[in-house]
Amino acid sequence: MMGSCSKQFFIDTHSYLQMKSLYRINKSCTAFSVHYRSVSTISTAKFEQPILEEEDRVWICTRTTFLQIQQTLVQKCAKQRAIVLGKSCHAQITQFGLQSDTSTSNMLINMYSKCGVVDYARKVFDEMRVRSVVSWNTMIGAFTQNGNGVAALKLFIMMLREGSEFSEFALSSVLCACASNVLAFESKQLHAFVVKSSMESNTFVATALLDVYAKCRSVKDALRVFEAMPEKSDVSWSSMMAGFVQNDLYEEALSLFLTAQRNDVEMNVYTISSVLSACAALAALIEGKQVHTVVYKTGFGANEYIASSLVDLYAKCGSIAQSHAVFSEAEKTNVILWNTMISGFARHARPLEAMMLFEKMQQAFLWPNEVTYVSILSACAHVGLAEKGRKYFDMMKKEHNLSPNIIHYSCMVDILGKTGQINEAKELIEKMPYEGTASIWGSLLASCRVYRNVELAEVAARKLFEIEPNNAGNHVLLSNIYAASGRWADVASARKLLKSSEAKKERGKSWIEIKDSVHSFMVGERNHPRIAEIYSRLEKLLEEMEKSGFKGHIEHDLHDVEDDHKRELLKHHSEKLAFTLGLMCLPSSVPIRIMKNLRICGDCHQFMKVASALTRREIIVRDNNRFHHFREGYCSCGEFW
């Protein structure tokens with residue numbers, strides 16, 4: 001029975017017990033008194049009302065009180081993501097005809113949104129007689145948070161057509177929706193609407209604008225919005241840095257971070273995480289350590305995501321021991337942190353440590369996911385552990401009920417190829433439930449080069465020419481396979497095909513960081529200010545190495561020229577020049593860290609092994625695939641790379 005606010009609701013026992021079991025807020029409906037029986041020699045007996053059992057009670061409250069109770073319950077259901085109890089509250093609200101209350105409907109929309117049931121939220125929204133600005137904002141936000149950007153945009157247009165008021169929250173939400181779905185054209189239309197509405201100076205809206213431009217790869221537009229902002233929040237700064245990182249503009253991200261520090265901008269976890277990612281991508285160890293100091297000063301070291309970024313930074317800069325130290329000191333751990341550490345060990349050819357960590361992770365009641373298995377399979381691939389690789393590939397399906405994706409199959413193809421099982425690798429490609437990617441066929445082609453399987457190399461190369469016709473590296477690799485087999489006519493044909501195509505070859509370069517400067521080299525470099533000194537020191541080093549028996553591996557130069565000419569071509573490779581500068585400038589106790597954009601060649605690999613023994617220096621080379629740690633004449637890769 002329902003009346004006006006002055007009337008009362010008679011709530012049945014079941015409804016009351018349901019509310020009481022949820023949040024124990026019955027104090028607003030009734031108060032209890034407790035009676036004690038005293039023992040005395042004087043008769044004090046008197047008549048008392050019998051105490052009613054729970055099922056005999058009938059609870060009474062006003063419409064206003066009942067509505068407040070339901071709203072409180074709905075809010076708590078939203079907070080706890082309790083969808084079943086939330087639906088029960090919705091049923092009570094409908095039963096007593098309270099769904100016409102706008103605030104209550106807004107709370108229901110929010111509750112269903114938080115629980116991920118957007119269809120129910122939309123139904124509540126559509127049934128509302130009167131919608132407030134909050135109603136539109138909440139529904140648009142619901143679509144955005146649950147990844148339905150197109151629906152959010154359509155609802156925003158519907159709101160404008162109905163002539164409803166809008167706020168910066170609706171605009172920010174719909175811009176975020178466009179960012180999630182990379183809707184570049186719609187984003188520009190919204191930007192025009194923002195200008196027309198004179199809201200471009202609003203910090204929330206401007207931050208959402210620069211974020212959507214960055215995610216649509218329009219970094220110049222994002223930077224223009226950022227620079228035009230009259231007031232910038234810490235979120236604005238972190239969004240711009242993240243935008244630079246997402247678009248591979250790592251140096252710009254570092255520069256912006258320095259500007260933020262000079263302007264005393266408050267740092268947050270997103271700012272620190274973005275700049276650490278930039279340092280990791282650049283392998284900028286010195287800058288990374290400086291940011292690590294900022295982490296200590298700001299107190300973000302306890303954050304597990306910052307810890308993961310630090311672990312990744314040191315691993316990608318070649319300091320795997322420091323990476324593990326950060327991992328061991330982490331106060332809180334999650335699957336991401338464990339995956340990052342396992343991936344670091346895999347990249348540094350430390351399969352034993354990776355496998356031990358894989359077991360410890362499960363002992364800590366953290367279950368491996370798809371990323372974990374990519375890392376552990378990569379660890380097996382880097383050192384050629386075929387049987388272990390098969391074991392983990394089967395384990396992910398049988399023990400953890402995970403379906404292998406294209407990356408897992410790529411790892412297995414790599415494992416089989418590197419261990420010489422090239423035909424098995426090709427069979428796996430043919431049987432897998434996915435189309436072969438450039439990564440998979442490229443891995444097979446690289447294995448064919450090592451084991452000189454020209455027939456399968458031609459099959460893989462044809463597939464690669466279809467998938468990525470503008471990648472000149474595939475043409476070069478096929479040409480090198482022909483050259484290694486002495487098929488010079490095919491070499492000429494492959495190079496002719498490369499010239500006639502639009503494919504562009506990436507030039508190999510190496511770089512080394514010394515103090516505050518990065519020194520970059522290409523083969524036969526002439527522009528470095530100390531190049532004459534570098535060549536002189538390299539010649540002396542090569543003479544010493546020749547005395548110890550090293551004469552260069554001319555089979556790794558695949559030009560049809562005389563052997564002496566081949567030695568001259570190999571002598572001035574970029575990684576050798578970078579190493580020589582490091583030998584000249586860095587203290588003997590500091591490892592020489594060299595970065596290279598392409599795979600290190602066989603001759604340079606052998607050179608580094610001999611140089612590490614002769615100079616007694618630790619040499620760390622990061623190529624485009626992995627790390628090589630050279631110590632006392634040995635490499636960590638075990639000749640698998």
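Residues are numbered from 1 along each chain as its sequence is written, and side-chain values use heavy atoms, with hydrogens and water left out. Because the model is predicted, local features need pLDDT of at least 70 and side-chain atom pairs count only at pLDDT 80 or more, whereas totals for chains, interfaces and linings use all residues.

A search of the whole structure finds 16 salt bridges, a salt bridge being a side-chain nitrogen of Lys or Arg within 4 Å of a carboxyl oxygen of Asp or Glu. Three of them are set out below.

| Pair | N to O distance |
|---|---|
| Asp414 and Lys418 | 3.4 Å |
| Arg487 and Glu458 | 3.7 Å |
| Glu618 and Arg631 | 2.8 Å |

Asp414 and Lys418 lie four residues apart in helix α22, about one turn of the helix, where helices are DSSP runs of H or I with at least four residues and strands are runs of E with at least two, numbered from the N terminus. Asp414 is buried at 17% relative accessibility, and Lys418 is buried at 13% (buried means under 20% relative accessible area, exposed over 50%, and partly exposed in between, with a 1.4 Å probe and protein chains only). Helix α22, residues 406-418, also holds Ser410, which is buried at 12%.

Glu618 is partly exposed at 23%, and Arg631 is partly exposed at 46%.
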